[in-house]
Structures are given as structure tokens and as C-alpha cells.
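Reader: I am new to reading protein models. Please pick one part, take me through it closely, and then show me what surrounds it.

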Amino acid sequence: MGKDSKQKDAGAKGKGKGKQVGGGSDENASKGKGKSGKASDGLGTCTYVKARHILCEKQGKINEAYQKLQDGWLSNGDKVPPAEFAKLASEYSECPSGKKGGDLGWFPRGKMAGPFQDVAFATQIGATSAPFKSTHGYHVILCEGRKN
């Protein structure tokens, strides 16, 4: 997923461009800064994100997983608890991280490839991204934390 192609614990390895459905870019996240240096959208300019994800090769499968998230949590405006997201990741994800509930741990800017990084850093803590495509398949990300 990052610059190091030996990473086997992530869904996207290497660089590439894919259609992004549910997120912004680092460039957009840095716009609208006030005197505090943080973006007006509350995302700030963090340098690390803690995330979980679900990776599927087929769009239909990621849409099915996302629909379960929507039916169980998102349709009510609730945030998905990490334990519930982990259950779905274990069931649906085709990434080796799926065995760990999709847990990617903490990662810095520049480690993850293109659209995955953009979405991970644009998703608010506790929020789940909409499905999006990278060169490695289709993803949904749950952002669990941010730090500098």
C-alpha cells in the first residue's frame, strides 16, 4: 500500500490512481485554514491516521458490505463502532488485514498510495468513508484516530 511493496498487511500496494468516490484530497483538506493552522472542516493537518478498512476486488462485494454498515449504523446517522466494523472486515475483506478486523494501525502521510491516503486523511474520526476505488480494488475506511 505504501512505497514499500513488501507491505503485505494492506489493501493497496504501490502508487496508482483510481476513481475516488468518498473522500477529499490532501490539497482540499489543507484549504480553509484559520489562524490556528487547522482546516475549517475539523480535519486539521494531522500527520498520522489510525484506520481500519475493507478491501474487495469486486464492486458488488464492497457495496454489499457498505450496505450492511448503512443498515446497521449509518442510516441512523450513527458512527460505526470499531468492533462492528472489524466483524464486517473479517467477513468481507480480501486483504490480509481482514484477519485482524481490517486494522491498519497508525500510518503517516506518504505511506499509503494515492486515493487510499486521500480518503483516509479526509475521513473524520469515527466516520466511515463511502466505497471508493484504488488500483487494488474497492475500499471502505473507518478512521479511528489522528495525531501529529
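Author: Start at Phe-107, which has its place in strand E2, residues 103-108. Keep in mind that this is a predicted model. Is Phe-107 buried or exposed? Its relative accessibility is 1%, so it counts as buried. The cut-off for buried is under 20%.

Now look at what touches this residue. Leave aside the neighbours within four places in sequence. Phe-107 is then in contact with Thr-47, Tyr-48, Val-49, Ala-51, Met-112, Phe-116, Ala-120 and Phe-121. Find Lys-50 too. Lys-50 and Phe-107 are 57 residues apart along the chain, yet their C-alpha atoms are separated by 6.5 Å.

Next, the rings. A pair of aromatic rings is described by two things, the distance of the centres and the angle of the planes. How many aromatic pairs does the structure hold? There are three. One of them joins Phe-107 and Phe-116. Their centres are 6.4 Å apart, with 50 degrees between the planes, and the pair is tilted. Both of these residues are buried.

Phe-116 has another ring partner, Phe-132. This pair is tilted as well, at 6.2 Å centre to centre and 55 degrees between the planes. It links distant parts of the chain. Phe-116 belongs to helix H4, residues 114-122, and Phe-132 to strand E3, residues 132-134. The two are 16 residues apart. Phe-132 is buried, like Phe-116.

Why is H4 described as largely enclosed by the rest of the structure? Because seven of its nine residues are buried. These are Pro-115, Phe-116, Gln-117, Asp-118, Val-119, Ala-120 and Phe-121.

Go back to Tyr-48, one of the contacts of Phe-107. The charged end of Lys-147 sits over the Tyr-48 ring, 5.7 Å from its centre. That charged end also sits over the ring of Trp-106, 4.4 Å from the centre.

Now move to strand E1, residues 48-56, and find Arg-52 there. Arg-52 has a relative accessible area of 13%, so it is buried.

Phe-85 of H3 takes part in the contact with H2. H2 spans residues 59-72 and H3 spans residues 82-92. They pack at an angle of about 160 degrees, with their axes 11 Å apart. That angle makes H2 roughly antiparallel to H3. The crossing is right-handed. On the H2 side, the contact is made by Lys-61, Glu-64, Ala-65, Lys-68 and Leu-69. On the H3 side, Leu-88, Glu-91 and Tyr-92 join Phe-85.

Last, step back to the whole protein. It has four helices and four strands. Along the sequence they follow the pattern α-β-α-α-β-α-β-β. Of the 148 residues, 43% are buried. Now take the contacts between residues at least 6 apart in sequence. Of these, 68% join residues at least 24 apart.

Conventions:
Residues numbered from 1 in each chain as written. Predicted model: local features only at pLDDT ≥ 70, side-chain atom pairs only at ≥ 80, totals over all residues. Heavy atoms only, no water. Phe/Tyr/Trp six-rings, centres within 6.5 Å; stacked < 30°, edge-to-face > 60°. Buried < 20%, exposed > 50% of the residue type's maximum accessible area, 1.4 Å probe, protein only. Lys NZ or Arg CZ within 6 Å of the ring centre and 35° of its normal. Axes fitted to C-alpha atoms, helices over the stretch in contact; angles between N-to-C directions. Parallel < 35°, antiparallel > 145°, perpendicular 65-115°, else oblique. Left-handed = near helix turned anticlockwise from the far one by under 90°. Contact = heavy atoms within 4.5 Å.
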